[in-house]
Every structure is written in C-alpha cells, then in structure tokens.
Number of protein chains: 2
Amino acid sequence: MNASPAFPLSEPSLQPLPSRHSCRVALLGFGTVGRAVATILQGDSFPQLHLEFIYNRRVDRKRVPWVPRDVRWTDDIEEVLASDADVVLELAGGIEPAYSWVKRALALGKSVVTANKKLIAAHGPELLELARGQGCRLEFGAAVAGGVPVLCGVSPGLSGDRLLKLCGILNGTCNFILHAMDTRSVSLAAALREAQQRGYAEAEPSDDVDGLDARAKLAILIRAGFHLQADPQQIATQSIWRVQPADFRYAHELGCTIRQVARAEIQTGTLLADVGPALVNASSPLGCARDNQNVLVTTGKYGGETVFAGAGAGGAPTAVAVVSDLLAIAQSQAAAVAGPTLTAVPVSYAFRCRHYVRVTPSHKLDAVNSLRGALTGKGIKLRRLLHHANPDDPQRSLALVTEECSTQAVDEALRQAREAGWLAEAPLRMPALMSS
Amino acid sequence: MNASPAFPLSEPSLQPLPSRHSCRVALLGFGTVGRAVATILQGDSFPQLHLEFIYNRRVDRKRVPWVPRDVRWTDDIEEVLASDADVVLELAGGIEPAYSWVKRALALGKSVVTANKKLIAAHGPELLELARGQGCRLEFGAAVAGGVPVLCGVSPGLSGDRLLKLCGILNGTCNFILHAMDTRSVSLAAALREAQQRGYAEAEPSDDVDGLDARAKLAILIRAGFHLQADPQQIATQSIWRVQPADFRYAHELGCTIRQVARAEIQTGTLLADVGPALVNASSPLGCARDNQNVLVTTGKYGGETVFAGAGAGGAPTAVAVVSDLLAIAQSQAAAVAGPTLTAVPVSYAFRCRHYVRVTPSHKLDAVNSLRGALTGKGIKLRRLLHHANPDDPQRSLALVTEECSTQAVDEALRQAREAGWLAEAPLRMPALMSS
C-alpha cells in the first residue's frame, strides 16, 4: 500500500497554478491522513506549499518512494522544531505528545495546522491565544467533519447570524455502521468488522462507537457557533453499541432511521448538548447520510436551517481540509504580494448527459417513429418513452429521455424534426440529471 | 411594514457579546436586505459594528422609527463617500451606479461589502485588484446563495481540493415556482404570482425565470472554485418559462422532479456551463430543495461530493451573509487586539423531545400496562406503541415513542420499571427527532 500514493496523481488540467511565496511544511505523523496530504502536496496543484520534513516514530518503516527526494524523513522531533519550517502539520492525534509539540512550535513562531479534535477540544482556546501572541496561526478545519468545511461555514460563514441549534452526524465510522444496519440488516458487530476491514474504524473502536470522538467535535462546534466553552467531558454520551436490527425495524415503521447524532442547543439560557443514537426522519438531511458521510444542520435566528454534508472521514477528504488550512496560512503570509491568478476561458455548453424532451406532434404523422428516426440519425439512443393519455392535456404531448449524448446533437435532431413539420410547436429540451 | 423592524429584536441570551474595535458602516440601499441588515445591527449582537449612514434615493419615504437616532439618513452619496465610514455596504443592486460607488469607495480606502451578483460577475476581479492595491477589502459572500455560505465553503473551505464540478440551485424564486408546481400542481404563471405576492419575485421576473440571475452567480462560483474567469454572457441559459405541469407528471414517473439547475464542469480541458430547467432525482439534494432554498453540490477530485443547502433568498438570510462579511472585515481590522471572548458554561442534557424506548419485558407481567403506568407517573404521554411479533426476535421486545418530555423523566421512569422487576434487561432510550 505504501508503494504508491494514496490516490492517482494530478493530471494536467485547465486550472492554472496559483503562484505565491513558498511555505515550508513539516508533517508530523505519516498515517492515512499524512500519506494523503503528502500525495496532494507532491502533485503540481500547490507549488506554494513545499513539504520539507516527514516525522514519524521509527520512520524507516514508513518511507515511500513516491515522496520527492528533497523531503527529509526523520524520527527526531527536535530536528523538525529547530528547522526553518514555517508550518507544522500535526497529524499524530491524541493529547500527548501532540500538545507539547504544538505548544513548542507556536512558541517558536511556527504556525500549526492540525486535524486533532481531542487536542483542540481540550486545549483549543489556550493554543489559539498562544498563536495570537506569537503572531502566527493555528488552524484546525480538519478536526471536525473532515472534508466538509463546517468550521469555516459556521465562522466566518454564519457569524452574522445568532445560531440557536447545531445538530449533526460527526463520526463517519458510526454512520457507516448504522447505514449498513439500516440498508443491509446486518448486526452491529458485523458492520463494525466491515468498517475495520475498510480502514474506517480503529482496532479499538470505542472512541467512535461510544461517542467520545463526536463529543470532542461537538465541543469545538459549540465554541465556533455559540462562542461558549463547554468541557467535552460534561457532554452526555450514549453508545450506539446497544442498537439492534429490531430498532431499525421499529424506526422504519415510523418513516425513520437511526443515526449517531451530536446536538447542542441554547434553551432558556442553558446550553444543552449530547451525543448518541437517535431516531431521525429517513428523508431528512441526517437520515439521508450514507456510508461514512458527515452532516451538520445549523439553525440560526435569522438564516434558518443551513445544511453542510459530505465526506467526513477518510484520508483524502481529511487531507483536503488540511491542505485548505495550509493554503490559508500561505496566502496570509503572501497577502500583500498578489491576488489569485485567473485565466479567462471560453464557455461551452456541450455537456454530455441524458436529455428529457417533450414534443407536441403535429396531427398527421406517426410522431414517435419520426422523432426516433431524427434522433437515431444523430446517433442518439432512446432510453425511455413517456406518454400520458391525459384528458386535461389536449395537446397530446409526448416525452422521452435519451441515453447520454451532447446537447447540440439533441438540438440539431429537434430542429430537423421541426423543419420537417412533425412538431406542432417548439419542443422542450432539458438535461436529465438522473442517477439511474 | 416599515414601522417595525424586519423581524423581532434580539432578546438577551447566553451568548456573550464579542467585543472589538468599532467599525463604522454606511449602508447604501434601504430595500428588503438593507432593512434586514439594519435590524440585525441595531440589536445588541454586534456592538463592534456601528451603523452610521443609511443612503437611499428620496430617503424621506424610507425613514423608519426603529433605527437608532444617531444613524444619519441621507440621499447625498457624496456625503457618505466623504465621511469617516470604514465600510460601505452596497445593497442597491445592478451595475450602475453601484459600480461607480464601489470603485470610488475602494479608491478612498474604504472596504466594501456587497450582495450584488451582477456587479461581481461583471467586474469582480478588477474591483478585488483595486481593493488589494488600496489595502482594503471587498467581500461579497451574500452575492451567491444568500444565507448559505457557499463562497467561503468553496474557498477557503475546499481550496485544498481540485474541484471538478459545481451543480446547484442558485435562484430562490425559480425554486419556489418549480417546487410549487411539483407539489401543488399549479401552473407556472400561478406559482409566479404567488412568489410575487410573497415578495420573492420582482415585478419584472425575467432575470430570475430566464436564468440571468443564476448565471451571474455561477460565473462567480466558477471563479472561486476553478480559478477561471468566465464571461457570464457566454453561459447558455434556458428559461423555465416553458415548463408545464405535464413535465412534472412525466418527471414523477421517472422518480424525478424539475429544478432550475446551474452547472459547471471541467471536461477534457474545456469549461462547460449552463443554466436552465433540468430533471433531477426527487431524493437527491437538488430534488429535495423546497420553497426558495438554494443548494450547491461540489465534486472534488479528493473530497468527493460536498453539499451546502439552506435559505438562499429573502432579506434576513441574505443579511446574515452581509453581516458575516462585515464581521470578517471588523475582525481583520482588530486582529491584533484580542481573540474571541469565550464564556465557560456547564452543559446539560435536559433536552425536551420525543423519546424512543425499547424494552424486553420480564415474562411474568403485563408489560405494556406496567410501563405505561411508570411513564404516566412521571407525566409522560405515549405517542405510539410498536410491537413486532417477529419470529427471529425471541426476546419479545417492545418499543414505544413518547410525546415530548425531558430525558431525565424518561430515565427515571425506566429506572423504576427496572427496579420493579418488569424488565428482563436494561432498556434502550434514544431521542426521536421526528418532524411529524
């Protein structure tokens, strides 16, 4: 697995390379997320980010050939801290030694990016204060909901609102387990084994299953959204461990399903918060969360409900959040230099997709066959024909969905059909963005 | 309508007031959004934002009594530009005179916040460059998707990804119309009249209905997500005007519905983009958009699909985005002064909600009546009883959903039931977060 990058490398693309001052990065911890970050950084997408160190305990077993040769592998944290790295990327997890490393890095004036929810839940305010005093930055967008940008969505995104309620699915492992039980009627133990085989769940999954992971993330969200400091250990948790297939049968009877829900609310001057399994409507944003997705629903006094959803776990999505934080720091360092480079490009609408077409045939013809002929003549296949013998539709309209083809080809076929007098009025054509 | 604020004023709350240097704000345009911004600013939520001017043409007809007396009403733009306002809030809309005002304000070193998608789509890069050169800021989070923080979600939120696709519902008026046709089988003309009566749609709705509003927003998103500059006028649009009730009947037959979709994609080195009605799966994030909601689905190479959804239109949600931008500017001005004030608070889990309870009764008793008695004794009402005579459930479990009550009351009733020997094993209790 280590012999190749976490995913295929960047291919050349239309998107121009942002060019900025180089930012020297030291990565602490070369696990799943660390490897994914290194993969993104060694592509050509972000030349302003230069990976300088990879630190890990017993680093020799971690070495991979695809990391550029000028990256220095080390198991000596003192070497990293003494280096000229601008940003330390803490991906080791847990409180110690991460806490000491981050404090020392900040004290040395190095900015820090971390995905460590435990550390930030326990020591975030103190570390932020230290960073501020040193004129450097501490970013932790990856600590909550992995690739879903909920922290910047809440602040600055919704900082102009007065948030009243936060309700979310913040642990991908639990969601994978509960979604598997929901849709495939497997036992919790079997779903957990599958999550472990896929690398979602740790060998010791109790932090996930018992809600300790989600409550650390909830404490961070409470800080960002409510400006309140809640001790994570005071947040009541209930394990999903005792949820059985029978509970899903009962839930389905109610139009519901079961998810691990983390919620916080301001009610009559009190902060309420808990984490645990809950019944949610099957068609709600929380009920729709599949596999290891994360979701956050915020309720604001002025803006109402806002939903954020996406890939909340896994190496690559979490690495996206880490790299976004790195870019923000690199950008702030270079803020005065230049704005983003924008390339002006022409716009095409030659999407290839399925198309929906509704026509009103002229009376004299076998409309279906004529239209089918016009489409076939352009190489377009019919996927489905729809016809309503509807008494309130005197125009005898006819609709069809094509297989995937270009918009231009459909328009050309319809133009010909119209010119041939087969259509009583201009047809309606729309993309049919169906998943099946 | 003008006699009272756009919505009720802030009541005292647990949330502490952020304290920062004061930022003087001049508001240009006192329409729906302007009134909502003034309402938020005159509450006690954001003491660091001080509303100094309200400019409008023929301002006397706009005056309202609930705006603090020290706010100066004016119809003289020169007075505003010559003032000591730190930030100009451009809510007039359209290209001119907004373009001239914004350029002049930036040239004077004043930061600008705007909700004007047309202006930003046409002149964004030039104005950003001007702001950068002057050492001030131009923010336009409200220009796309109103209260849903999609712009900061895309960048910085997802800047560490390589975005490949953007697909969204960016016009609340069209969504209101199509959702009404979808669920209430009304004609487009009737739905449009309703949107106008509710104040969503303009008297001249063609910018919305024909897709010009959504394509300006799409051009801004293409810039933020792809770092590409697309001329909005090159983005193909199709009006929703010709969508008929018959199209919804056909769409429903396919498990689909119809929405106005704005999409952009990088395919083989080309930028594809268009706006118009499209079939979407009824259960997809786009298909689930109700009323005047907005949705954006991004697809990234590393992070996969991310969904942002919420209130995309309306005065109050748009005002949230405007005030969030104002706060970001105020914060950057005061960055060195102090961090956010966090209040440490105790956490309670005394949520009042419905509860799901599954018990395994001991053999000797009438379980239902015993349990009902225990719950009633705590003032808890039963909402629904669920029982599966399931052959693979030898434990004869029994589940119920209570009416809204406190978690503690349920736990206490269950503890008594257990101590009385009515339950064969520990019960499972979860919040039932059902909407009906």
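Let's start in chain B, where 4 bridges join strand S4 (residues 87-90) to strand S5 (residues 111-114), and the two run parallel. Strands and helices here are DSSP runs numbered from the N terminus (strands are E, at least two residues; helices are H or I, at least four), and two strands pair if DSSP finds at least two bridges between them. This is a predicted model, in which local features need pLDDT of at least 70, side-chain atom pairs count only at pLDDT 80 or more, and totals for chains, interfaces and linings use all residues. Residues are numbered from 1 along each chain as its sequence is written, while chains are lettered from A and ligands numbered from 1 in the order in which they are written.

- Chain B has an open sheet of 6 strands with parallel pairing, in the order S3-S2-S1-S4-S5-S6. Its edge strands are S3 (72-74) and S6 (138-139) of chain B, and each pairs on one side only.
- In chain A you'll find an open sheet of 6 strands, ordered S3-S2-S1-S4-S5-S6, with parallel pairing. Strand S3 (72-74) and strand S6 (138-139) of chain A have a single partner strand each, so one side of each is left without a neighbour in the sheet.
- A:Phe53 has A:Arg72 in S3(A) as its bridge partner.

**Chain A as a whole**

- Chain A holds 13 helices and 21 strands.
- Its C-alpha trace spans about 85 × 55 × 45 Å along its principal axes.
- Of its 436 residues, 54% count as buried (buried is 20 or more other C-beta atoms within 10 Å of a residue's own, exposed is 12 or fewer, and partly exposed is in between, with C-beta atoms placed from the backbone).
- Take the contacts in chain A with a separation of 6 or more: 74% of them come from residues 24 or more positions apart. Two residues are in contact if their C-beta atoms, placed from the backbone, lie within 7 Å.

**Strand S10 and its neighbours in chain A**

- Strand S10 (residues 256-267) of chain A is mostly covered, with 11 of its 12 residues buried.
- Strand S7 (residues 163-169) of chain A runs antiparallel to S10(A), and 4 bridges join them. A:Cys167 has A:Arg263 in S10(A) as its bridge partner.
- S10(A) and S11(A) also run antiparallel, joined by 12 bridges. Here A:Arg263 stands opposite A:Asp274 in S11(A).
- S10(A) and S11(A) form a hairpin with 2 residues between them, and A:Thr268 in the turn has a positive phi of about 40°.

**Where the chains meet**

- 105 residues of chain A are in contact with 106 residues of chain B. Strand S11 (residues 270-281) of chain A gives the largest share of chain A's side, 11 residues.
- Chain A's side divides into 62 nonpolar, 29 polar and 14 charged residues (Ala, Val, Leu, Ile, Met, Phe, Trp, Tyr, Cys and Pro count as nonpolar, Asp, Glu, Lys and Arg as charged, and the others, Gly among them, as polar).
- S11(A) runs parallel to strand S20 (residues 428-433) of chain B, and 2 bridges join them. The bridge partner of A:Leu279 in S20(B) is B:Ala432.

**Inside the model**

- A:Val410 lies in helix H13 (residues 407-419) of chain A. A:Val410 counts as buried because 22 other C-beta atoms lie within 10 Å.
- A:Val410 and A:Val357 are 53 residues apart along the chain, but their C-alpha atoms are separated by 8.8 Å.
- Leaving out residues up to four places away in sequence, A:Val410 touches A:His355, A:Val357, A:Ile380, A:Thr402, A:Cys405 and A:Arg429.
- In the largest nonpolar core, with 302 residues, A:Leu27 and B:Leu27 touch the most other members. Such a core is a set of buried Ala, Val, Leu, Ile, Met, Phe, Trp, Tyr and Cys residues joined through C-beta atoms within 7 Å.
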